[in-house]
Structure formats: structure tokens, C-alpha cells
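Please look through the sequence and the model shown here before reading on.

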Amino acid sequence: MSPEEHAIQTVERLLDVLDLDFTQARTTEDIFTGSSHAMPTGRIYGGQVLAQSLIAAERTLPEDRPVHSMHGYFLRPGDSGQGITIAVDRIHDGRSFSTRRSQAYQNGVPIFSMIASAQDQDPGVEHAEPMPAGVPDPEDLASDEDRVKGLPGGAARMLSDRAADVRHVDSPLYLPSDDQHVARQAVWMRMRAPLPDDQRLHRAALAYLSDMTIQESILRAHGLYWSMPGLKVASLDHAMWWHRPARVDEWLLYVQESPNARGGRGLATGRIYSREGGLVASVTQEIMIRVPSD
């Protein structure tokens with residue numbers, strides 16, 4: 001299989017996961033079902049259930065009323081070997097705004113709960129924090145899988161099998177790094193193959209990407225890395241605001257920083273920019289982080 005064919009295959013697998021089935025079993029809620037990516041750990045990737053819950057919520061909204069924000073909690077680890085049921089509660093439909101609650105279930109218990117708000121497109125005041133200057137172009141950076149070739153554990157294969165092409169400006173945190181211990185980083189990211197033009201799909205795919213690497217601003221501040229023996233990291237909650245339309249099959253810059261870590265929890269924030277410098281989205285996530293004592 002050629003690299004181009006492999007890239008298309010990885011994105012097609014993502015599209016299959018985001019293509020939820022509507023069960024027509026609506027009572028007080030709309031019910032959707034979906035599948036999961038196979039994962040080496042057996043746990044569902046958080047960005048996947050984020051994206052699926054968003055897709056389900058937007059299926060109950062008019063196309064001209066896009067979601068602009070979401071706030072979600074990861075309640076239990078999901079099993080990537082099982083299907084997912086997503087229930088959407090149509091909490092409110094107003095003149096300009098709508099509110100939806102999506103809950104993802106496995107084995108009859110919720111694994112993720114989200115509330116999202118949608119709004120008609122309205123004119124208004126506008127400003128945005130500018131994109132940082134001096135960041136290398138993605139073409140000048142090696143892909144993450146190329147930078148970890150030869151590492152034990154099949155890291156390069158795992159990274160090349162994901163739908164996203166991610167390129168760290170600094171060293172990827174799969175092994176110890178000699179980089180300065182600072183609570184910030186930047187990565188370029190995009191899907192490996194073109195997606196359909198549906199902006200709902202691009203918003204969901206951006207949610208999928210938003211859970212990828214944001215935890216690393218916390219790890220980088222303390223010289224930690226993903227393969228450190230005994231390190232435990234789990235996402236607790238996730239919030240996201242969509243500011244401007246964007247395509248996730250084009251390069252996006254994800255600028256991340258951590259303002260605080262304490263009590264076994266770390267807070268990370270992120271801003272996502274288009275290649276042209278437009279602020280596309282803002283993200284905040286808190287994680288549980290447990291570091292081995294020695």
C-alpha cells in the first residue's frame with residue numbers, strides 16, 4: 001500500500017467512526033449508536049467520544065445553527081472493543097440559541113457527558129489574539145512518526161496509523177527530552193486526507209484533534225514524557241469554543257500552555273489557528289496526573 005493510500009485509509013476509518021446511526025427510538029431523547037477505533041490500551045480515545053457526542057448533538061439542530069461551545073466531563077474509561085450509545089436531550093430551542101446535552105453510554109452507564117450551545121450566525125464586534133510569530137512552517141518539521149522511528153514498542157507505527165498528521169515544533173514527548181522545562185508548546189496538525197465539505201464534520205474533527213497533545217504543556221513543564229514508567233494521565237473535563245470556520249484537512253497551529261498544576265491535577269489551555277493566522281477555536285482541559293515517587 002502506498003503512503004497516499006494508507007493516509008486515505010486512516011481518514012476513512014475516522015469518517016466511519018463519526019458516521020453515527022440514528023436508531024429512530026426517540027422517547028424524550030434522540031438515540032444514536034456508533035463504533036470505536038481499536039486502541040492499543042483498549043481504552044477509547046477521548047477525542048473520539050467528544051467528536052461523536054458533538055455529531056449527535058448537531059444532528060438535532062438546523063444546519064444554519066452551528067455549535068459554538070461545549071463543556072464535557074469524562075466520567076469513566078470507555079472500552080474501544082464495544083459500541084457506544086449516545087442520547088441527546090433537546091434542552092432548549094430559543095430565538096437565536098439552542099442547548100443540547102449529549103451523554104455517551106456503554107453497558108448502560110455514562111462514560112461521557114456534554115452540554116453544547118448553538119447559535120444562529122449574527123453580526124457583532126470582533127477581535128482575536130494574534131497567532132504567535134516566528135513559528136516554523138509545518139513543511140520544515142518532520143512528522144512525529146518520522147521523529148520516533150526506531151523506538152521500541154511500535155510508536156512510529158501507532159502514530160502513522162492515526163488519521164492526523166501531527167508535527168511538534170519542539171521535541172515530541174514520547175521519550176525524555178533535553179528541551180527546556182516550560183509549560184507551553186506548539187504543534188501543527190491536519191487530517192492526512194481531504195474530508196467532505198460539511199462544516200459540521202470539520203467541527204467534529206476539530207474536537208477530535210483538540211484532545212490530542214494538549215496535556216503535554218503540563219508534562220513538558222516538569223520534564224515528564226508519555227513512556228515514563230509509572231506515569232498516569234487521564235482527562236477529567238474538556239471545554240471548547242469554535243470561533244471561525246476552518247478545514248481540518250489543512251494545516252492548523254495548536255498553541256498550548258499550562259497556567260497551573262496542583263493536587264494531582266493540571267490545567268491546560270490551547271488556541272487553534274488557521275495557516276493564515278485566524279483564531280479558529282479555544283480549548284481548555286484539566287487532567288489527572290500522577291507521577292511516580294522516584
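## Terms and basis

A residue is called buried when its relative accessible area is under 20%, exposed when that area is over 50%, and partly exposed in between, with a 1.4 Å probe and protein chains only. Helices (H or I, at least four residues) and strands (E, at least two) are DSSP runs, numbered from the N terminus.

This is a predicted model, in which local features need pLDDT of at least 70 and side-chain atom pairs count only at pLDDT 80 or more, while totals for chains, interfaces and linings use all residues. Residues are numbered from 1 along each chain as its sequence is written, and side-chain values use heavy atoms, with hydrogens and water left out.

In helix α1, the buried residues are Ala7, Thr10, Val11, Leu14, Val17 and Leu18. Seen down the axis of α1, these buried residues fall within an arc of 110° (the arc of the directions from the helix axis to the C-beta atoms), so they line one face of the helix. An α-helix has 3.6 residues a turn, so residues three or four places apart point the same way. The elements that cover the buried residues of α1 include α2 (46-59), α4, β8 (184-191) and α5 (199-210).

The expected span of a helix is 1.5 Å times one less than its number of residues. In α5, which has twelve residues, the reach from the first C-alpha to the last is 16 Å, close to the expected 16 Å. Helix α5 is mostly covered, since eleven of its twelve residues are buried; among them are Leu201, His202, Tyr208 and Ser210.

## The sheet

Twelve strands form an open sheet with antiparallel pairing, in the order β1-β2-β4-β5-β6-β3-β9-β12-β11-β10-β8-β7; two strands pair if DSSP finds at least two bridges between them. At the edges stand β1 (21-22) and β7 (164-168), each with a single partner strand, so one side of each is left without a neighbour in the sheet.

Strands β10 (residues 252-262) and β11 (residues 265-274) are paired in the antiparallel sense over nine bridges. Within this pair, Ala261 has Gly266 in β11 as its bridge partner, and Val255 stands opposite Arg271 in β11. The two strands form a hairpin with two residues between them, and Gly263 in the turn has a positive phi of about 65°. Strand β11 is also joined by nine bridges to β12 (residues 279-290), and these two run antiparallel. Here the bridge partner of Ile272 is Ala281 in β12. β11 and β12 form a hairpin with four residues between them, where Gly277 in the turn has a positive phi of about 105°.

Ala87 is placed in strand β4 (residues 84-93), and at 5% relative accessibility Ala87 counts as buried. Leaving out residues up to four places away in sequence, Ala87 touches Glu29, Asp30, Ile31, Arg101, Ser102, Gln103 and Tyr105, where contact means heavy atoms within 4.5 Å.

Ser143 lies in the loop between β6 (109-119) and α3 (144-147). With 6% relative accessibility, Ser143 is counted as buried, and, neighbours within four places in sequence aside, Ser143 is in contact with Asp165, Val166 and Arg167. Met158, by contrast, is partly exposed at a relative accessible area of 42%, and has its place in helix α4 (residues 155-160).

## Pocket and cavity

On a 1 Å grid over the protein atoms alone, a cavity is a set of points where a 1.4 Å probe fits but cannot get out, and a pocket is an open set with protein on both sides within 12 Å along at least five of seven lines; lining residues have an atom within 4 Å of a point. Grid points are joined across faces, edges and corners, and a volume is the space filled by probe spheres set on the points.

The largest pocket holds about 1800 Å³ of space. Its lining has 46 residues, of which Met39, Thr41, Arg43, Tyr45 and Trp226 lie nearest the centre, and the largest share, five residues, comes from β9. The structure holds one cavity of 30 Å³ or more, and the largest cavity has a volume of about 60 Å³. Among the residues that line the largest cavity are Leu173, Pro176, His181 and Arg220.
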